[in-house]
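Biologist: Thanks for sitting down with me. Could you walk me through this model, one question at a time?

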Amino acid sequence: MNVIMTENTENLNTEDKIAEKYKLQTKDVNVFYGDFQAIKEVSMNIKPNSITAFIGPSGCGKSTFLRLFNRMNDYIEDFKMEGKIKIDDTNIYKNKIQLEQLRKQVGMVFQKPNPFPKSIFENVAYGLKIQGIKDKKLIAARVEKALVQADLWNEVKDNLNKSALTLSGGQQQRLCIARTLAVEPSILLMDEPTSALDPISTAKIEELIHQLKKEYTIIIVTHNMQQAARISDYTAFFYMGELIEFDKTKKIFTNPDKKRTENYITGRFG
Amino acid sequence: MRKIKEFVIEKSLLSSALVTIAVTVGIISVLAFEAFSFFQEVSIVDFFTDTQWTPLFTKKHYGILPLLTGTLLTTFIAISVALPIGLSISIYLSEYAPKSFRKTIKPLLELLAAVPTVVYGFFALVVVTPFLQQFIPGLSGFNSLSAGIVMGIMIIPFVSSLSEDALFAVPKALREASYGMGATRLQTAFKVVVPAASSGIIVSIILAISRAIGETMIVAIAAGQQPRLTLDPTVPVETITAYIVQVSLGDVPHGSLEYKTIFAAGITLFAFTFLLNTLSFRIRKKFREKYD
């Protein structure tokens, strides 16, 4: 649909065309923590309904970069950001932007499963309740839908009132995904979502990510190169705060342009 | 040589631990022994049902209820002051205040607990009571209201400091999860952080109650020394602790029944604080399990 629209409206200038083609755009982004520069001049465009993997050695800035998209770094003291980040053509670092609105649109799943010490139902309903939704039927329906989407419904449907902390690690992480989906964001940020999980749970989450791609734009930070190769459409390789290479995953893993990318991917460093 | 040194150190550490236990056991057994001989002369049913406490008068009554209500009334007033203020402070410090501010203000707050209680007592008597009398015409010079309020101020740091520790110990990941779904700071504080820290907050409240029940000087000075079965905060009352002070300072003959009343009162007080401390210990243990 995007393609048709771009073709039909000839009077659009180039920048607008790009805006329609990309869900997320960053331009010349620099991030500082005090004197330390964590991100250096990163520009990148991400297409809707794609899975993009951020890879790179520890401390390369990939998590910092991910957390720019829902402004999670704002809580860190001495954090400073320069450059432009646009989601659907809106600059999210404008003063006028409402953080709460932004985060409804950009969901996040964290490295360690972090369910609230509440019931399974309450965990998923939380995002709706804080928006002021009171309609119990609507909440129940959205909770069920989110749990089905996260492939957890069949395992928990009889125990919705049980504490979320009684679930296994893999189930907890799927609960956290369900909780995020219930708010109906359009972008999903995942910060090493499987690093604390066993291989079977990991496989389940990867399968889930693959299915979610139909409806969401997904960005995933991972330490696991095989994971990046398995699930992503695009891969970005970060090193020392710089974006070294960003291309189709196939290209990055078979025929990267840069020597450093190749060295990292083949396990020669990092 | 080295072995002997090790041996001496180990045994001396052990003996200091044993001394503490021995002292505790000693206190409890003296309390129990004297209270037991008190209850040989006064029926335990009268002790708990008689509505008058007049062991020092000619017409003697030994009902603990007036002292107990005096204690609970002042404690209740104190908690009504300390709980909302202490909790607000702890939520502000843990969720809103910048790190540097938190670091300075916390020790300052804890200073409140370091003020000698006799100072608080006079503060209640000569400042708070006259001040309150401007608004409450019938307020007597000695009353449980101002004693309770000042005691509440004294225990604010018990509530705020321990609650703040509990709130601060809630993992950052839970806050991030909440913010990540579009919650405001206020929503995150009240819907995620406070519930997650609830057991720690409850422990802080119990310890504050325990402290208020055992507090002596403030109530002895400002609440009066008239055992009276009432829930009216404007009249003089006497708490268990204030009664014990009164008798200990007076010229009651050693070994008399009047003398033994302080042990009966003391063991009642001990039962309360022991119960509260056990409760907080239990909750704290459960709390620890939850985060490990």
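Biologist: What percentage of the 270 residues of chain A count as buried?
Modeller: First, a caution: this is a predicted model, where local features need pLDDT of at least 70, side-chain atom pairs count only at pLDDT 80 or more, and totals for chains, interfaces and linings use all residues. Residues are numbered from 1 along each chain as its sequence is written, while chains are lettered from A and ligands numbered from 1 in the order in which they are written. A residue is buried if 20 or more other C-beta atoms, placed from the backbone, lie within 10 Å of its own. Of the 270 residues of chain A, the share that counts as buried is 43%.

Biologist: Is Val109(A) buried or exposed?
Modeller: Val109(A) sits in strand 6 of chain A; strands here are DSSP runs of E with at least two residues, helices are runs of H or I with at least four, and both are numbered from the N terminus. Because Val109(A) has 26 C-beta neighbours inside 10 Å, it counts as buried.

Biologist: Which residues is Val109(A) in contact with, leaving aside its neighbours within four places in sequence?
Modeller: Two residues are in contact if their C-beta atoms, placed from the backbone, lie within 7 Å. With those neighbours left aside, the partners of Val109(A) are Cys176(A), Ile177(A), Thr180(A), Leu188(A), Met190(A) and Pro193(A).

Biologist: How many residues does each chain give to the contact between them, and which helix of chain A supplies the largest share?
Modeller: Chain A brings 18 residues and chain B brings 14 residues. On the side of chain A that touches chain B, helix 4 (99-105), strand 6 (106-109), helix 5 (120-129) and helix 8 (169-182) each supply at least two residues. The largest share, three residues, comes from helix 4 of chain A.

Biologist: How are helix 5 of chain B and helix 6 of chain B oriented to each other?
Modeller: The axes of helix 5 (residues 117-133) and helix 6 (residues 144-168) of chain B come within 9 Å and cross at roughly 130 degrees. Axes are lines fitted to C-alpha atoms over the stretch in contact, with angles from 0 to 180 degrees between N-to-C directions. Angles under 35 degrees count as roughly parallel, over 145 as roughly antiparallel, 65 to 115 as roughly perpendicular and the rest as oblique. Helix 5 of chain B and helix 6 of chain B are therefore oblique.

Terms used:
A residue is buried if 20 or more other C-beta atoms lie within 10 Å of its own, exposed if 12 or fewer, and partly exposed in between; C-beta atoms are placed from the backbone.
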